[in-house]
Amino acid sequence: MSGSLLPEDVLRDAPSYTPRAHELTDLELILSGAYAPLTGFLGRADLTELRRRGRLADGTSWPAPVTLEVPAELAAGLDPQDAARRTVVLADPEGAPIAALDVTDVWPTRDGVAGVAGPVRRIGDGGHGPFMRLRRTPEEVRALLPPGRVLGVVADRPLHRPQLAQIAHAARTLAAHLLILVPVSEPGPDGLPPEALVRAVFAARDRMPPATIVAVPLTARGDEIRDALLRARVAGAYGVTHLLSTGDALSGAGVKLLVPRELAYDNRDGQWRWRDDIPERSRRVALTTAEIDDLLDRGFPLPEWHTPPAVAKELVRVRPPRRHRGLVVFFTGLSGSGKSTIARNLADMLRETGDRTITLLDGDVVRRELSAGLGFSRADRDRNVRRIGWVAAEVGRHRGMAVACPIAPYAAARKAARRMAATAGAGFVLVHVATPIEVCEQRDRKGLYAKARAGQLRGMTGVDDPYEAPTDAELVVDTSTMAVDEAVDAVYQYLIESGWVEPRLA
């Protein structure tokens, strides 16, 4: 797409749209050349041939769809035949322009959504964020690599000693240069923020063969086969000739896949070897991710035989013991269930300990101070809960504890709040105050149920609007069968038993 097609007045008047996270990742990979030969998002002709033959319309081999969807109302204003109406400015989540899309195809995909296709051209400043110096293009990286074989490793988790031993063995066997690709678009499978993962990989560098480390905007889409094929394609674009599998993976794009044998620690001389080559009495198997997380959660050191001290130090920095980590305690329940009273009393109890800062996010107060102007439609209720979830997650990011108590009737919004807390590195405890609606109506301190039954109030949760009871709550309490103090104590005891707070001295 030449600059002559996009004069300043076209860019100025073009609609702007922020794609979804995985689409932004695809956009960056297209712009950098990591998705070569793609120069933009695929249209219907390419997608049809891809489904039929695994190739694009021009016959080029390609592993998986790379598509972009936009709201139908935005698509309605586009016309691929009109130079003045076929441009869309693609922006990051903050609204800063990244690229211009020259639309060549538009089609409906589902209700309210349309697919758009066409080449893209970078128009922004190249982005921002931690470790931008490591976000080299494939062309830049290939120019740095020595001639010969290149062993690629997609390091989506910290590298402990067993992985480092596998890498060293493969590089030595192949006589290959090592290229480490660190995904940086989202938290890794074990929840580490991208910047923490990069630091952990660098902490292991002195245990590796000579290596080039690159930050790559890779993300998981929930389709293991598609993810693996695209990762292999990206690795090949960066110059990788052999890709070391770190899990379930497939090869592609001419890259050969290496599946390492399982290693174990040999107590006799402190070396990692093939598991079957070590007598059982002298063998230690690698720690699982769950075992590593449990040690970190409880504040126990990671054993040096398994994890280099420098890597362990980075992991402790980002994942301190639960008693020192941020936490969101999220109460949900019907109006009148007692959730606000329990939340306030819990917050008071926690403040008495002085161990952390406590932020109480009461539903009514948030409605007044943070969500003024929102109504009670499903969309507005979701927006209110997401705002609460975002504020609570930011409290948790800074090692504080947020206690939130909205009604939060919809599962999707509660799930979003949990996800925001995890992304911020905080814990999340969902407490369902499951007091039956009959009891809540009898209390009706605010008179809301009476108004709803009389037809004076619409959209009342539990009356004419559904409450989706949680299936993923860590704790369930019911103030129709227990006193408020008992419910508070039940929540507090759960926090102690799960390591989030330390027991009070008598």
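His306 touches His160, Arg161, Pro162, Trp272, Ala286, Leu287 and Ile292, not counting residues up to four places away in sequence; here contact means heavy atoms within 4.5 Å. The structure is a predicted model, in which local features need pLDDT of at least 70 and side-chain atom pairs count only at pLDDT 80 or more, whereas totals for chains, interfaces and linings use all residues. Residues are numbered from 1 along each chain as its sequence is written, and side-chain values use heavy atoms, with hydrogens and water left out.

**His306 and helix α9**

His306 lies in the loop between α9 (289-298) and α10 (309-318). Helices (H or I, at least four residues) and strands (E, at least two) are DSSP runs, numbered from the N terminus. His306 counts as buried because its relative accessibility is 1%; buried means under 20% relative accessible area, exposed over 50%, and partly exposed in between (1.4 Å probe, protein chains only). The side chain of His306 also makes a polar contact with the side chain of Thr307, at 3.1 Å. A polar contact is a pair of N or O atoms within 3.5 Å; within protein, one must be able to donate a hydrogen and the other to accept it, and residues adjacent in sequence count only if both atoms are side-chain atoms.

In α9, the residues Ile292, Asp293, Leu295, Leu296 and Asp297 are buried, and α10 is included in what covers them. Just after α9, Gly299 takes a positive phi of about 80 degrees.

**Arg199**

Arg199 is found in helix α7 (residues 194-203) and is partly exposed, with a relative accessible area of 26%. Leaving out residues up to four places away in sequence, Arg199 touches Phe131, Glu314 and Arg317. With Glu314 there is a polar contact between the two side chains, at 3.0 Å. Arg199 and Tyr467 are 268 residues apart in sequence and 43 Å apart in space, C-alpha to C-alpha.

Two open sheets are set out in the table. Two strands pair if DSSP finds at least two bridges between them.

β17 and strand β18 (residues 401-405) are joined in the parallel sense over five bridges, and the bridge partner of Leu361 in β18 is Ala404.

Strand β9 (residues 177-183) pairs with β10 in the parallel sense over six bridges, and Leu178 stands opposite Ala211 in β10.

The buried residues of helix α3 (residues 44-53) are Leu47, Glu49 and Leu50. Seen down the axis of α3, they fall within an arc of 165 degrees, so they line one face of the helix; the arc is that of the directions from the helix axis to the C-beta atoms. These buried residues pack against β6 (105-110), while the face turned away from the buried side carries the exposed residues Ala45, Arg51 and Arg52. Gly54 follows α3 and has a positive phi, near 70 degrees.

A nonpolar core is a set of buried Ala, Val, Leu, Ile, Met, Phe, Trp, Tyr and Cys residues joined through side-chain atoms within 4.5 Å. Of the 49 residues in the largest such core, Tyr35, Phe41, Trp62, Leu101 and Tyr238 touch the most other members. Leaving aside neighbours within four places in sequence, the contacts of Trp62 include Tyr35, Leu50, Gly54 and Leu230. A second, separate core of 34 residues includes Leu174, Leu192, Leu295 and Ala312.
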